[in-house]
Amino acid sequence: MYTSFHVALLLFLSVLATFTGYLLLLTLAAKRAARTTNLSKTNFPQKFLILIPAHNEERLLPSVLENLSRLDYPSDQYEIHVVADNCTDQTAVIAQQGGAVVHERQDAIQRGKGFALEWLINRLWEANIPHTAIVILDADTIVSPNFLRVMDAHLSNGERAVQAYYAVRDPARSWAISLRYIALAALHYLRPLGRMTLGGSAGLKGNGMVFASDLMKKHQWSAHLTEDIEFHMQLILAGERVTFAPDAMVEAEMPDTLHGAQTQNARWERGRLEMARRYIPLLWQGMMRAWKARQPRQAYMLFDAMMEHLIPPFSIFAAASGFCLFVALLLPAGNLPLLKNTNVLLGMGIILGQIIYTLASLSLVKASSSSYKALLYAPVFILWKIGLYLKAFSKTSEPEWVRTARNKP
């Protein structure tokens with residue numbers, strides 16, 4: 001009577017186990033990876049243009065500009081360009097006072113970070129400003145003093161696209177921020193480190209991205225709401241690879257509450273679903289072509305990128321795993337006790353693997369005790385994320401850009 005339920009549950013658990021197994025493979029690779037950059041051969045040959053899109057950022061912009069003025073890198077080897085995008089405050093004035101080159105843009109239709117960056121990049125090409133690399137930072141960000149030195153070393157080594165570790169600023173400020181810190185420790189540190197070690201592409205995270213100028217001229221920047229994901233897809237389908245610089249850090253402000261983070265997360269999830277629908281078939285086709293052409297490295301890079309699309313957001317993943325284990329425990333065995341026990345053991349193994357993955361992420365980034373304590377609020381975060389994901393999945397129209405809420409001073 002219960003055979004079909006047990007078999008269906010086994011198939012679903014097998015998919016979850018495959019995803020968990022891949023995350024554990026990335027965890028093992030990350031644990032074995034080098035986490036520092038060799039700076040001994042750098043001689044500051046790179047000229048950087050640092051691009052900062054800013055919409056009504058008069059409160060946070062001064063800190064990033066002051067932070068960038070203290071970088072451990074010759075000041076004549078980098079310029080800061082701020083695009084004051086549809087601003088109604090003093091962003092442009094503050095940017096100019098902070099030493100940045102200001103570009104003011106007003107466009108009521110094409111709104112958002114992607115459009116602002118696309119406009120600014122094209123404007124810089126037309127101006128023909130001398131440079132060898134472009135850095136993209138958010139206006140609520142501070143960077144580690146060694147940021148440009150590390151990126152200089154990677155570019156001098158022949159790397160053409162590099163992602164820094166994008167972390168959370170002041171994670172102990174609230175439990176909601178601490179949970180975001182935990183999530184990004186896994187998504188922005190462990191996974192890119194493991195993927196790069198195994199030969200994959202580290203991915204682009206939207207902040208702390210560095211590109212060789214010739215690469216940017218070759219590929220058009222996307223104006224999509226998840227422009228970083230789409231640009232990464234363009235790069236790897238063209239045979240390019242993004243590497244990871246774990247010792248170059250950018251830290252961005254995150255909303256104090258889950259309510260404040262709602263617009264940002266909704267945008268990410270809807271954009272992620274759209275990118276998955278559009279690019280999974282292309283990645284599969286590219287992987288098959290690379291495999292037939294006996295290009296195993298390219299085939300693996302495309303397979304890895306496809307897995308990154310297929311693996312659900314971790315909160316959804318964990319909730320599905322817990323639910324399946326609950327069903328496996330409650331479902332009567334009937335005349336199939338072996339199948340029931342297999343499902344229970346598989347469910348327990350999946351959850352154990354996810355715990356190992358989460359704790360390994362915190363260990364790698366040397367998280368403080370407050371982050372571990374914030375795990376007590378994980379059920380609240382999971383329920384909130386499920387609601388967002390269901391809303392994102394139910395909508396089919398192109399998501400609109402909405403500015404992420406900023407914390408009060």
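Trp 175, Leu 376, Tyr 377 and Val 380 make a nonpolar surface patch of about 400 Å². Patches are built from residues with over 30% relative accessible area and no salt bridge, with nonpolar side chains joined within 5 Å; a salt bridge is a side-chain nitrogen of Lys or Arg within 4 Å of a carboxyl oxygen of Asp or Glu. Areas come from the Shrake-Rupley method with a 1.4 Å probe.

This is a predicted model, in which local features need pLDDT of at least 70 and side-chain atom pairs count only at pLDDT 80 or more, while totals for chains, interfaces and linings use all residues. Residues are numbered from 1 along each chain, and side-chain values use heavy atoms, without hydrogens and water.

Leu 376 sits in the loop between helix H13 (369-374) and helix H14 (378-394); helices (H or I, at least four residues) and strands (E, at least two) are DSSP runs, numbered from the N terminus.

| Residue | Relative accessibility | Class |
|---|---|---|
| Leu 376 | 72% | exposed |
| Cys 87 | 15% | buried |
| Cys 324 | 4% | buried |

With a disulfide defined as a pair of cysteine sulfur atoms within 2.5 Å, the count is 0 disulfides.

Now to strand S6 (residues 161-168), where 8 of 8 residues are buried. Strands pair if DSSP finds at least two bridges between them. S6 runs antiparallel to strand S7 (residues 209-212), joined by 3 bridges, and Gln 163 faces Met 209 in S7. With strand S8 (residues 243-252), S6 runs parallel through 7 bridges, and Val 162 stands opposite Thr 243 in S8.

How values were computed
Buried < 20%, exposed > 50% of the residue type's maximum accessible area, 1.4 Å probe, protein only. Patch = residues over 30% accessible without salt bridge, like charges linked within 9 Å, V, L, I, M, F, W, Y side chains within 5 Å.
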